Amino acid sequence: MIYSQRDPRWVSHELGGCSSTIGEEGCYVAAQAQVATDFGEPIDPDQLNTELRDRGIFVAGCLLPDNAITRIFPDIQLEAVYDFSARPADLRSLSAGADEQVVIEVDFDHNPRDGIQTHFMKVAWWTPPGLEIVDPWFGSRDNFAMHYGTDPVTTIQKVIRYRKPGFNPAPPPPPAPDYGGIQAGPKGCNVRVQPSSQAAHAPGYPGLLPAGAPLWLTGNVTGEAFAGNPLWWRTYHGFFIWAGATTRTRL
Ligand SMILES: [Ca+2]
């Protein structure tokens with residue numbers, strides 16, 4: 001179950017006690033509902049919003065304290081809050097044990113020069129350098145770089161860690177065998193939907209990753225069984241990777 005703040009069932013509902021809606025600004029409510037649900041305490045963003053409002057937990061109308069779900073579910077603890085608003089994020093803070101879950105606050109346009117545009121999301125999977133998040137805006141589990149750039153050290157503003165002592169999660173599904181990790185080489189790395197295309201880049205991926213940037217793909221890289229050109233690799237999703245400028249790190 002992945003929650004979207006823009007689910008039609010609650011997209012237009014008032015967030016807390018202010019004039020904005022869950023759809024507009026309910027990312028933190030949705031992320032905390034995701035944490036509680038994934039801890040085996042099912043509650044959707046709309047139910048959590050109502051509960052928090054009824055108990056007067058929102059601050060200044062519709063701001064959500066980091067410990068909001070711990071006040072609804074006492075067996076969930078707020079274990080740690082790391083503030084990286086004035087310093088580079090220490091990505092080691094993303095690591096979580098079996099009874100822990102982590103929410104991050106990011107600058108969603110991943111441009112630190114125009115100020116911080118806040119967005120919250122739960123970390124789904126963190127195995128350096130691969131980072132996947134459960135994104136309440138899109139209602140999907142995505143590679144962090146799909147929408148938030150390739151520099152999480154700069155983009156992550158805060159890390160909030162929750163713990164439910166003794167929580168014994170259901171066995172995770174077997175790891176997907178089809179993650180291909182590629183690191184952009186000295187010339188960067190191009191991603192396109194067709195090897196011959198001069199324009200269309202694969203949706204969701206930057207057109208040119210800077211040298212050394214990690215690129216994580218959902219979809220098996222078929223290796224050098226090229227499509228008419230030995231310098232291109234193809235994923236099962238149909239994306240083509242300009243291999244001539246990349247270094248394989250794990251395929
Ligand atoms: Ca910004």
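Analyst: Before we look at the sheet, remember that two strands pair if DSSP finds at least two bridges between them, and that helices (H or I, at least four residues) and strands (E, at least two) are DSSP runs numbered from the N terminus. Val103, for instance, stands opposite Ile160 in β6.

User: Before going further, what kind of model is this?

Analyst: This is a predicted model, in which local features need pLDDT of at least 70 and side-chain atom pairs count only at pLDDT 80 or more, while totals for chains, interfaces and linings use all residues. Residues are numbered from 1 along each chain as its sequence is written.

User: How many helices and strands are in the chain, and what percentage of its residues count as buried?

Analyst: The chain holds six helices and 13 strands. A residue is buried if 20 or more other C-beta atoms lie within 10 Å of its own, exposed if 12 or fewer, and partly exposed in between, with C-beta atoms placed from the backbone; by that rule, 34% of the 251 residues count as buried. Two residues are in contact if their C-beta atoms, placed from the backbone, lie within 7 Å, and among contacts with a separation of 6 or more, 60% come from residues 24 or more positions apart.

User: What is the order of the strands in the open sheet, and which strands stand at its edges?

Analyst: Strands of a sheet pair through backbone hydrogen bonds, either parallel or antiparallel. Here an open sheet of six strands runs in the order β1-β6-β2-β3-β4-β5, with antiparallel pairing. At its edges stand β1 (77–83) and β5 (140–143), and each has a single partner strand, so one side of each is left without a neighbour in the sheet. From one strand to the next, the twist averages 30 degrees.

User: Which strands pair with β2?

Analyst: β2 pairs with β6 in the antiparallel sense over seven bridges, and with β3, again in the antiparallel sense, over five bridges. On the β6 side, Val106 has Ile156 as its bridge partner, while on the β3 side Glu105 has Phe120. Seven of the eight residues of β2 are buried, so this strand is largely enclosed by the rest of the structure. Thr118, by contrast, has its place in β3 and counts as partly exposed because it has 14 C-beta neighbours inside 10 Å; its C-alpha atom is 6.5 Å from that of Glu105, 13 residues away along the chain.

User: Which residues of α3 are buried, and where on the helix do they fall?

Analyst: An α-helix has 3.6 residues a turn, so residues three or four places apart point the same way. In α3, Pro45, Asp46, Leu48, Asn49 and Leu52 are buried. Seen down the helix axis, these buried residues fall within an arc of 165 degrees (the arc of the directions from the axis to the C-beta atoms), so they line one face of α3. Their cover includes α1 (22–25), α2 and α4. Arg53, also in α3, counts as partly exposed because it has 16 C-beta neighbours inside 10 Å.

User: At what angle do α2 and α3 pack?

Analyst: Axes are lines fitted to C-alpha atoms, for helices over the stretch in contact, and angles run from 0 to 180 degrees between N-to-C directions. Angles under 35 degrees count as roughly parallel, over 145 as roughly antiparallel, 65 to 115 as roughly perpendicular and the rest as oblique. α2 and α3 pack at about 105 degrees, with their axes 9 Å apart, and are therefore roughly perpendicular to each other. Val29, Ala30, Gln32 and Ala33 of α2 make this contact with Pro45, Leu48 and Asn49 of α3. As for the sheet, α2 lies across β2, β3, β4 and β6, running at about 35 degrees to β3.
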